[in-house]
Amino acid sequence: MSDAIATRGATTAAQTSIGRVAPWGVWIAAGLLLAGLPLVFRSGTALTMLSLMGIAIIFALSYNMLLGQTGMLSFGHAVYYGLGAYFSVHAINWAIAAKLPIPLLLMPLAGGFAGLLFAVLFGWVSTKRSGTAFAMISLGLAELVGSSSLILRSFFGGEEGVTTNRTKLLRLFDWNFGPQIQVYYLIAAWCLLSIALMYALTRTPFGRMCNAVRDNSERAQFVGYNPQVVRFIAFCLSGMFAGIAGGLASINFELANSALFSAVQSGNVLLATFIGGAGHFVGPILGAVLVTYLQNMLSDVTEVWQLYFGLMFIATVMYAPGGLAGLIMMHGPIWRAGALSKLLLAYAVLLVPIALVAVGAVLVIEMMTHLGVKAAEGTTMKMAGITFDARSWLAWALALILLLAGGGLARLAWHRVAAAWDRAQGVAREKGLTI
Amino acid sequence: MSALPEERRVRVAALEARGLRKNFGPAEIIRGVDLTVPKGERHAVIGPNGAGKSTLFNLISGLLLPTAGEIRLDGAPVNALPAYKINRRGLSRSFQVTNIFPKLSVWENVRCAMLWSTGEKYAFWRSVEANPEIAQRTQQVLSEINLIARKDLPAGVLTYAEQRALEIGITMAGGANVILLDEPTAGMSHAETERAVALIRRISEGRTLLIVEHDMSVVFGLADRISVLVYGEIIASGTPAEIRGNPKVREAYLGEEAH
Amino acid sequence: MAELILISTLNGVLYGLLLFLMASGLTLIFSMMGVLNFAHASFYMLGAFLGFQISRWAGFWMALIVAPVLVGLAGAVVERFGLRNVHRHGHVAELLFTFGLAFVIEELVQIVWGKSPVDFRTPALLDFPAFTVFATNYPAYKLFMLVISIAIFVGLFVMLTRTRIGLIVQAALTHPHMVAHLGHNVPFVFMSVFGVGAALAGIAGVIAGPALVTQSSMAALLGPILFVVVVVGGLGSLQGALFASLLIGLLQTFAISINLSLSDIFAGSGFTPEPNTLLGDLWRVSVAQIAPILPYVLLILVLIFKPTGLFGNRET
């Protein structure tokens, strides 16, 4: 059991020691990085993607306040994201109509306020249960709000949603936020602020008790804490930050519609947070960046990118439940012990069979796509520059060979990797870097 | 003859149970327990397996609701209170099956146990390290339970005996006046048990202790008074000498154990 | 009016029994393994689509037998190679695994059959009105659905309470370790229960397919309602699931037929809020329009007044 805990990259003393150092340097570096990114990635598409990543980071971090920090699995976090977007849009429109001297910069606050308000409203009822029941309740609430949004057309604008114009508010420094780069800087500023605030929360007594309630809510009672209150406060603060993310989204798209409440939206943030790693603070940041990038890139390459996402998610749940961040942190002691390069070599050997399996699987999936409902359009398809028919026996045979051969080789290589891992761990253990 | 005013003043017991009953469906587990533990006393509860000792602890600490009867902490009734409220009134307990925060570090485990009593409560607007007293007290508790060297490790990787020590540390960190320990030395070697007993004696100085134990040397070495629980009823209650000499107890329990 | 009530009651009970067909499998799986199978509605959807496909090749009656078996096998495979591996990571991981599975199954269905509804027809044998109530014909197919559902329940009940297998399953539901010590192959029991649960959902899919719309969004539409049923009924309680299924079935069916809104009821009061305002929307929305969200309203009410569910007793 101790091995499982040490090697699965769970939230460990590593997290507390990061906090203890509290280096201002990291925040300054992050600020510089965010400021400098547009200078490297100059194109319009890149700027849009960076903006989306910024929003996704805030959303995912807010989600992890529930999942990773307090152990609450929610399937309906998009409610607060969507409500934040709608309230921001209405706030902007109201400010324009009433000619109020409020700059666009402050508008995400309306989103945050909405997220907080509704989290308080729904939170007490939601947090009456924990665990699986809480997850189901969050799903039910999301459906309730999503369906209500189609009924209450005056506020939610029906299927078309509500639009706004972000350039019409009070200008600061002659920025009207028309160009995407200006929107990016707005998002980046709020992103940095949100990250800092959410990180600071983890260092408070409340934040520590969230972790305690996650680990053992019964014991938390026996040290004087009401777990429901802890969860409720976490729920409210998490809703607030989700609302801020929603507000930024509404500014970015100049639109708020009911798709924001959808199960897809709630599912995406769960995917991003989990794949990034729920057990570490930076996990959701990694996940948000990766998932946003893949979403935008994959949807150009294949029609069934969502299937790939689902499979990636299942693979993470089964083989790397600590997510990307967990995998990286797991190697921390080994890197410090200087044993990382040998281990990476073993990984490289494993990479080849895994690549074979991946290519085989992609082949099968893409061929199925062209044989299924799309067969009406003809079964010729193109992959890696080669055109062929989805019905060809050769293609299917090739896919099968790739899957079987890759799978078999992977099994063999796995033993080497496991042995290499044990050796590397041994080295780290000798140097006292791990237990 | 009239009594002196000091003697007439009623001494409120730290912990008191009267007519306590607990049924699980048709099964009666606790069948009318009367127990009084005065302030500052070290009181042991012994009895054969299945007597209901853990159930008794669960009732007193608020994990279970009594079917009938009353429980008083410092004179005030605490029957229907949830566990966290009873804890805030100054009663703390340990568990027979180690119940710690496995992913938090040892330091964090102990620190979390004192956040409420030091007034931090649900504060999310200041750092947990703002109050230096908390770090001091955590350091103190950790040195008491001899886990300073392991303070940064996740609690889940400690050895069994270390976890039991941490369990006791969490129980006492909040400064509770009434401490309930549920088989604290279970599974420990002889040397570990001796250390644990010394620790328990230190931490229960000036506090009220209620301890469930199977190890008779621990019981007779530590307790001021002993109660014997058999099939949900207390068949005898008194000083160690009285209990040792009690024929009912010998028949029901002491004759079976090998110490 | 009486006709409406009778038809709505029949339809409501039918819908409720269909829900229970799925909720019972879900509850069995939950009670036994502690994991709420997020992909349960996906097995229902697989049953409907496989039933459709097989009925096109070999007729409805073949589909009725073969499709649930296939879905049950799929369930067993999922348990054996997926869930069993994830089990050691805890309940959250199990729930997440089934969530990912639901996602993937929906995508696969879309790949093969597309996003539009498919033409799953009622079998010719049953395509006639069973009886006429006042002026409305009640289709024989729906009676067939009713009969099949009840037959399955009776069979399930008998199997669980009267056969040896049933007794072992019941015991393994609450004391899996003990049952394993007694020499029974508990992993096999788990796999079978998961498979049977999936097959139950599959049968529900096959028989509901022709009556309701068979489309790739089926699972996403029915899934949340299913989970509301188990939470309202009380997690782990079969009676609770039955009660909640019937309650929600009747509630929704009756609500859909009521076209009243607050503005209709208070038509005489002269109170007419502005059309494009929040109050205006609430005033004009009909009961039929809010019928889809009534289960969720029920969920919130139950949570406020009896958080552990109507028949539930323990926290998960």
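How far apart do the C-alpha centres of domain 1 of chain A and domain 2 of chain A lie? The first legend takes up this point; the model shown in every view is predicted.

**View 1. Chain A and its two domains.** The domain assignment divides chain A into domain 1, covering 9-322, and domain 2, covering 333-430. The C-alpha centres of domain 1 of chain A and domain 2 of chain A are 33 Å apart. Chain A contains 19 helices and 4 strands. Along the principal axes, the C-alpha atoms of chain A fill a box of roughly 70 × 65 × 45 Å. For contacts in chain A between residues at least 6 apart in sequence, 81% join residues at least 24 apart.

**View 2. The contact between chain A and chain C.** Chain A contributes 39 residues to the contact and chain C contributes 43 residues. On the side of chain A that touches chain C, the elements giving two or more residues are helix H7 (131-151), helix H8 (153-156), helix H13 (263-276), helix H15 (305-319) and helix H18 (340-371). H7(A) supplies the largest share of this side, 14 residues. Sorted by class, the side of chain A that touches chain C has 24 nonpolar, 11 polar and 4 charged residues.

**View 3. The largest nonpolar core.** This core has 268 residues, and the members that touch the most others are C:Met22, C:Tyr44, C:Leu226 and C:Val229. Helix H12 (residues 227-253) of chain A gives the most to the core, with 15 residues. Leaving aside residues up to four places away in sequence, C:Val229 touches C:Leu19, C:Ala23, C:Ala241, C:Ala244, C:Ser245 and C:Ile248. Another core, of 5 residues, lies apart from the largest one; among its members are A:Leu356, A:Leu363, A:Met367 and A:Leu402. In soluble globular proteins, nonpolar side chains tend to be buried together.

**View 4. The overall form of chain B.** The secondary structure of chain B consists of 10 helices and 10 strands. Its C-alpha atoms fill a box of roughly 55 × 45 × 45 Å along the principal axes. For 259 residues, a compact globule would have a radius of gyration near 18 Å, and the 19 Å of chain B agrees with that. Buried residues account for 44% of the 259 residues of chain B. Of the contacts in chain B between residues at least 6 apart in sequence, 66% join residues at least 24 apart.

**View 5. The open sheet of chain B.** In chain B, 4 strands form an open sheet with antiparallel pairing, in the order S2-S1-S4-S5. S2 and strand S5 (76-77) of chain B are at the edges and each has a single partner strand, so one side of each is left without a neighbour in the sheet.

View 6. Strand S1 (residues 15-24) and strand S2 (residues 27-37) of chain B run antiparallel and are joined by 8 bridges. B:Leu15 has B:Val37 in S2(B) as its bridge partner, and B:Arg21 has B:Arg31. The hairpin has 2 residues between the strands, and B:Gly25 takes a positive phi near 65°.

Methods
Residues are numbered from 1 along each chain as its sequence is written. Chains are lettered from A and ligands numbered from 1 in the order in which they are written. This is a predicted model: local features need pLDDT of at least 70, side-chain atom pairs count only at pLDDT 80 or more; totals for chains, interfaces and linings use all residues. Two residues are in contact if their C-beta atoms, placed from the backbone, lie within 7 Å. Ala, Val, Leu, Ile, Met, Phe, Trp, Tyr, Cys and Pro count as nonpolar, Asp, Glu, Lys and Arg as charged, and the others, Gly among them, as polar. A nonpolar core is a set of buried Ala, Val, Leu, Ile, Met, Phe, Trp, Tyr and Cys residues joined through C-beta atoms within 7 Å. A residue is buried if 20 or more other C-beta atoms lie within 10 Å of its own, exposed if 12 or fewer, and partly exposed in between; C-beta atoms are placed from the backbone. Two strands pair if DSSP finds at least two bridges between them. The radius of gyration is taken over C-alpha atoms; the globule rule is 2.2 Å times the number of residues to the power 0.38. Domain bounds come from an automatic or database domain assignment.
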